[in-house]
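Here is a short briefing to read alongside the structure.

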Number of protein chains: 2
Amino acid sequence: MAHTRTSSKTRLDERRSAPASEAVEDYAKAIYALERHGPGAITTSALADRLEVAPSSVTAMLKRLDELGLVRYEPYHGATLTPTGQRVALEVIRHHRLIEAFLADALEMPWDRVHDEAEILEHYISEDLERRISEKLGNPALDPHGDPIPTPELDLADDRTTTLDGLEVGQAAVFARVSDSDPAMLRYLAGRGIRPGARLRVVGAQPFGGPVFVEVAGREHALGGELAEKMRVETRDSRA
Amino acid sequence: MAHTRTSSKTRLDERRSAPASEAVEDYAKAIYALERHGPGAITTSALADRLEVAPSSVTAMLKRLDELGLVRYEPYHGATLTPTGQRVALEVIRHHRLIEAFLADALEMPWDRVHDEAEILEHYISEDLERRISEKLGNPALDPHGDPIPTPELDLADDRTTTLDGLEVGQAAVFARVSDSDPAMLRYLAGRGIRPGARLRVVGAQPFGGPVFVEVAGREHALGGELAEKMRVETRDSRA
DNA sequence: CCGGTGATTTAGATTAAGCTAAACCCGAAT
DNA sequence: ATTCGGGTTTAGCTTAATCTAAATCACCGG
């Protein structure tokens, strides 16, 4: 048996955050997602919109989260996740994406349905089950929509993608991912064989939200402006 | 396409009971289990013991369940499940046992750990996921502890087993099942290769809770009286 | 620098689920 | 038949999470 060096590697469970309620975890996840977008503190109304609750409910919850140490909350000036809060969020995101991958892979659940199921189960699987699912799938790095899965240590590969509608005509790219939360969109893409990993080339585009014409696997598709905004692609030079 | 006769077969989902909270489902399951044991209405204290809550909490919940139509509750005289309540209970039991089977089968989770995980997840899987899990396993009839899984129509095979400690010396039987909720007991049995389906023969017994000596696969084991009370076996004539 | 407006917070209620402590009921035992 | 005790219910509180409506803040424009 190889020599052990336990001192440098604390037991996994010790890093795990204290158990949180479904609501607490959902707030952490939402704040985390909003922080990815623009910088600066997250406003009450942004959270209220995303979580579909009344603004006053958000205020109340932010106070609780601050007391729990998951959030720094300054009345009238929004909230930011603490490192602990980030850990809670990433833990839930890891659960969510692993579950999505597992449902799609092991149970052949269609691409557009895994999100809703994962949205609930993410709060209720044990760390043991998380590990078993991850191992069973060969510790995947991406979920079925192409979103990166945080590592067990909760590191998340940072985003090197841009939106499809930002590409110039003639540019080639690899379709990386699309939001997992719109079933209709997912079905549409799956229906024409466009999935993460697909190589594509922009062959034309209309301005003002007009369609983007892309060539995928030798076939041309006209993708609506709204869709092209949500599809994220990786280009050669986005790796620079 | 074959001619349809939808009238005789309502859509499955229409039979499903209204969504219930975790607590409601747990009460339904507990009442169902207690009704299996002795006949007659279930008392407040029996429920309080089993669910580990205060008796007054049970009283409050029984009122709610009565209003929800899951239970008939007569103050001071206990409660009985209505047909709807039975359906809720069986639905949860089906979830529980399918999840146990799936965790053991598809994720190699040990026999003694599946119960705790299933106890939570049973409340949160969708009907779609339930169906997929069942299909993936080939629509099993038994969970890993040998407990029967209710069918999709919520029929539950009735119990033809007796306890091991009720057998006479010399009798042969097939080990059918054991309670899923005692991990130590499960580990003990698994450790000596005694699992549901094992053929056994009683070769000796001591009275007053003394051990039962059984032969399994050519090896003799001394099983403590407490254990022998919880192990259920199927004998030839128990089928009569 | 003052006012208005929209975002935010406070105030007060509600629902589900639980608790303790006190009151109450039922049936068994004298 | 009356009493007594254990089991049950009631009363009153607590916590988490939500709501509506009212009050309040912050900041931008004049």
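**Where DNA strand C is met**

The surface near DNA strand C draws at least two residues from each of four helices: α3 (44-51) and α4 (55-68) of chain A, and α2 (22-37) and α4 (55-68) of chain B. Please keep in mind that this is a predicted model.

**More on the DNA surface**

- Of these helices, α4(B) provides the largest share of the surface near DNA strand C, with five residues.
- In total, 19 residues surround DNA strand C, and the closest are A:Ser45, A:Ser56, B:Ser21, B:Ala54 and B:Ser57.
- By type, the surface near DNA strand C is made up of ten nonpolar residues, eight polar and one charged.

**Chain A meets chain B**

- Twelve residues from chain A and twelve residues from chain B make the contact.
- On the side of chain A that touches chain B, α6 (114-121) and α7 (127-136) of chain A contribute at least two residues each.
- The helix that gives the most to that side of chain A is α7(A), with four residues.
- Sorted by type, the side of chain A that touches chain B has eight nonpolar residues, one polar and three charged.

**The sheet in chain A**

- Six strands of chain A form an open sheet with antiparallel pairing, in the order β3-β8-β4-β5-β6-β7.
- Because β3 (162-163) and β7 (219-223) of chain A stand at the edges with a single partner strand each, one side of each has no neighbour in the sheet.
- Within the sheet, β5 (residues 199-205) and β6 (residues 212-216) of chain A run antiparallel and are joined by five bridges.
- Opposite A:Gly204 you will find A:Phe213 in β6(A).

Terms used. Residues are numbered from 1 along each chain as its sequence is written. Chains are lettered from A and ligands numbered from 1 in the order in which they are written. This is a predicted model: local features need pLDDT of at least 70, side-chain atom pairs count only at pLDDT 80 or more; totals for chains, interfaces and linings use all residues. Two residues are in contact if their C-beta atoms, placed from the backbone, lie within 7 Å. Ala, Val, Leu, Ile, Met, Phe, Trp, Tyr, Cys and Pro count as nonpolar, Asp, Glu, Lys and Arg as charged, and the others, Gly among them, as polar. A residue is near a molecule or strand if its C-beta atom, placed from the backbone, lies within 6 Å of it. Two strands pair if DSSP finds at least two bridges between them.
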